[in-house]
Amino acid sequence: MFSFKEIVSVTLILFSVIDVIGSLPVIIDLRKKAGKIESERATFASGVLMISFLFLGEKILKLFGVDVASFAVAGALIIFLIGLEMILGRTIFKSEVSSGGSTHIVPIAFPLIAGAGTLTTLISLRAEYQTLNIVIGVILNLILIYAVLKSSGWLETKLGSGGLEVLRKIFGIILLAIAIKLFKTNLIADF
């Protein structure tokens, strides 16, 4: 069932987890190394990964005998750690950045945009939100991602390093709150 409130929640959660603004320094560095970033292909590849995992992720979990509530709790822990990373400025999860020919897919589409945190979040969101609202939230995020990728040079000059750092900290706090909510909701569901 269509719910504007759920769509806004999902969009904000995914935007915080994907953290395309926080990834701007990496995106800008890749653009300098590769000459350009194929924004359309990176956005499309990210969308395919996210939508595929949204619909097939639960089946993959069943293959391993894991229920969605347990996966959501595990996802909440990962989201919590990502939030801590953003606030404390420490690297917990390491991502490999290659300067190969497929810059639009590796590392931009995966793991920067549709990485472990994003995929885990999608499964976690299925435990709490309607699938239609999640898909709409993913599409809205893909539009935002495309806009950021397309305008990364302009954003770099306008925000500056201080502005990027402030945004990163704000989204980190939001992620911590989301992680605690997911943890509480799904831990209680298991008992």
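Predicted model: local features only at pLDDT ≥ 70, side-chain atom pairs only at ≥ 80, totals over all residues.
In helix α2, which comprises residues 24-34, the residues L24, I27, I28 and L30 are buried. These four residues lie on the same side of α2, because they cover an arc of only 160 degrees around the axis. The face of α2 turned away from this buried side carries K32 and K33, both of which are exposed. After α2 comes G35, a residue whose phi is positive, near 95 degrees.

The largest nonpolar core contains 42 residues, and of these V20, M50, I108, L122 and I134 touch the most other members. Two or more residues are given to this core by each of the elements α1 (4-18), α2, α3 (39-63), α4 (68-88), α5 (104-113), α6 (116-126), α7 (131-150) and α8 (152-190). When residues up to four places away in sequence are not counted, I134 touches V10, L54, L122, L125, R126 and Y129; L122, one of these partners, is itself among the core residues that touch the most other members.

An unreviewed UniProt entry lists residues 6-28, 40-57, 63-84, 105-125, 131-149 and 170-189 under "transmembrane region". Two of these spans can be described further from the model. Over residues 63-84 the chain is 82% helix and 0% strand, with 31 Å between the end C-alpha atoms. The span of residues 105-125 is 90% helix and 0% strand, and its end C-alpha atoms lie 24 Å apart.

Key. Residues numbered from 1 in each chain as written. Heavy atoms only, no water. Buried < 20%, exposed > 50% of the residue type's maximum accessible area, 1.4 Å probe, protein only. Arc of directions from axis to C-beta. Core = buried A, V, L, I, M, F, W, Y, C linked by side-chain atoms within 4.5 Å. Contact = heavy atoms within 4.5 Å. UniProt positions renumbered as here; feature names shortened; annotations may be inferred.
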